[in-house]
Amino acid sequence: MQFTSLGLDERLMDGISSMGYETATPVQAQVMQPILDGRDIIASAQTGTGKTAAFLLPIIHKLLTIPHDAHQINALIIVPTRELAIQIAETMEGLGYFTDVSCIAVYGGGDGSSFVTEKKALSSGVDMVVCTPGRMISHLNMGYVKMSDVRYLVLDEADRMLDMGFHDDIMKIIGYLPKQRQNLLFSATMPPRMRDLARKLLHNPLEISIAISRPPEAIVQKAFVVYEPQKMPLIKFLLQEKDYTRVIVFCSKKQAVKQLAAALKKARFSVEEIHSDLDQTTREQVLQDYRNRRTKILVATDVLSRGIDIEDIELVINYDVPHDGEDYVHRIGRTARAAGTGSAYTLVSEMEQRNFARIEELIDKTVEKAPIPEDLGPAPEYAPQQRRSKPGFGGGGQRNGGGSRQGGGHRQGGNGQHRSGGNGGRGPRNHGAPPHPHKKPDSN
Ligand code: AMP
């Protein structure tokens, strides 16, 4: 589908071309017209499908063409993480570059000065606010934020927000909004509690499903079945196998991230860590260095597995088995995005075998079990049914192999999506910038 068929404002068409978008992605093709028509939407679409522009473009168009009070907040986008908030505000900045629609990202973790900047923008009025729930509530509690003009509400990565325990915060924020508004809900998965939330919030919604529950075929998936103590020597071996320039290693716990990053640094790998214990500035700097290829390996908690758009990752390593199939798909979906190929390796300890077997079931694929180098000693047999919580070769029993969440139902495979433009050759994005209303809110 061509963007021209939507009759979008000229200034927006200029923004679209400058981002390098030529044709609409499937989610854009399906949701943009209904959003322009004023429909509520519930869409299952993951990051990478172009969902951000799918909701931003119609909202910006409406802000440009329907008269409204520019001194009030008109659109509110609630997201789970600061990284996603920044990313959406940046996409907004790109798409809305030739317009005077103003936007601010409001998220926790910054210093006192960012709170003051946010307060200023929120009290003087800004067209669009992209926020994380906790931070928005802190502002709302202070009494200077007026929400009475919000006409568009977006919940992005709504399943992630529920996973992170934001349900009550979201409902509290929504309590401040006028009843008459358009609601757009985007979520990678649709577990029953998401349906409950949708029932509460949406009015006669159009339901759209673009998401994938299976990783793209282009990703070469391998599992290394090991005893827990073999993981460290194995990962060093894997990282040396090729001259990788962009690798992400995922660990479920931040303690594990810190230990692994320290060990890899000691072994002289070009590595940085990212997790929620780092302050905001450091996290942004780490991401920036990784984007700019100053760091080759990023060791991360799941914070990064969704919502962050970094192209050309050659290898994703799961240092531990993710909790469920959706997390697995999200983690390994970091690779093979732009380049079209990539590898995803998962290190599976004895205690994790059952979990891994469940993931294989969910993605409907038997992942190749690759041999480990001989000098690491004998590896355990892959026998998930017999594994339960039997301690292995000093495996330590850190994980409960039998107690994972079971992901929601299957969805159809096939990814039905494309991304070609990246950020349209605009050069590296500035993730180091503090939250800012990037255009003057009252300039129209
Ligand atoms: P998202 O799923 O919103 O995180 O978008 C993923 C990536 O696709 C981002 O880098 C977008 O800039 C890019 N993108 C979004 N829409 C298009 C499009 N129509 N054509 C090319 N790239 C796009």
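Visitor: How many bridges join E3 to E4?
Guide: E3 and E4 run parallel and are joined by 4 bridges. Strands are DSSP runs of E with at least two residues, helices are runs of H or I with at least four, and both are numbered from the N terminus. Two strands pair if DSSP finds at least two bridges between them.
Visitor: Before we go on, what kind of model is this?
Guide: This is a predicted model: local features need pLDDT of at least 70 and side-chain atom pairs count only at pLDDT 80 or more, while totals for chains, interfaces and linings use all residues. Residues are numbered from 1 along each chain as its sequence is written, and side-chain values use heavy atoms, with hydrogens and water left out.
Visitor: OK, what's the strand order in the sheet?
Guide: The order is E3-E4-E2-E5-E6-E1-E7, an open sheet of 7 strands with parallel pairing. Its edge strands, E3 (103–106) and E7 (206–209), each pair on one side only.
Visitor: And what stands opposite Val130 in E4?
Guide: Ala105 does, and Ile77 stands opposite Val130 as well. E2 (residues 75–78) pairs with E4 in the parallel sense, over 4 bridges.
Visitor: Which way do the E4 side chains point?
Guide: Met128 and Val130 point one way, Val129 and Cys131 the other, and all are buried, that is, under 20% relative accessible area with a 1.4 Å probe, protein chains only. In a regular strand, side chains alternate between the two faces of the sheet.
Visitor: Switching to helices: at what angle do H8 and H9 pack?
Guide: H8 (residues 167–175) and H9 (residues 192–201) pack at about 10°, with axes 13 Å apart. Axes are lines fitted to C-alpha atoms, for helices over the stretch in contact, and angles run from 0 to 180 degrees between N-to-C directions. The two helices are therefore roughly parallel, the word for angles under 35 degrees.
Visitor: Which residues meet there?
Guide: From H8, His167, Met171 and Ile174 meet Leu197, Lys200 and Leu201 of H9. Contact here means heavy atoms within 4.5 Å.
Visitor: Last one: is Ser349 buried or exposed?
Guide: Ser349 is buried, at 2% relative accessible area. Its place is in the loop between E13 (342–348) and H14 (353–363).
Visitor: What does its side chain join up with?
Guide: The side chains of Ser349 and Glu228 are joined by a polar contact of 3.4 Å. That term covers N or O pairs within 3.5 Å; within protein, one atom must be able to donate a hydrogen and the other to accept it, and residues adjacent in sequence count only if both atoms are side-chain atoms.

Conventions
Parallel < 35°, antiparallel > 145°, perpendicular 65-115°, else oblique. Buried < 20%, exposed > 50% of the residue type's maximum accessible area, 1.4 Å probe, protein only.
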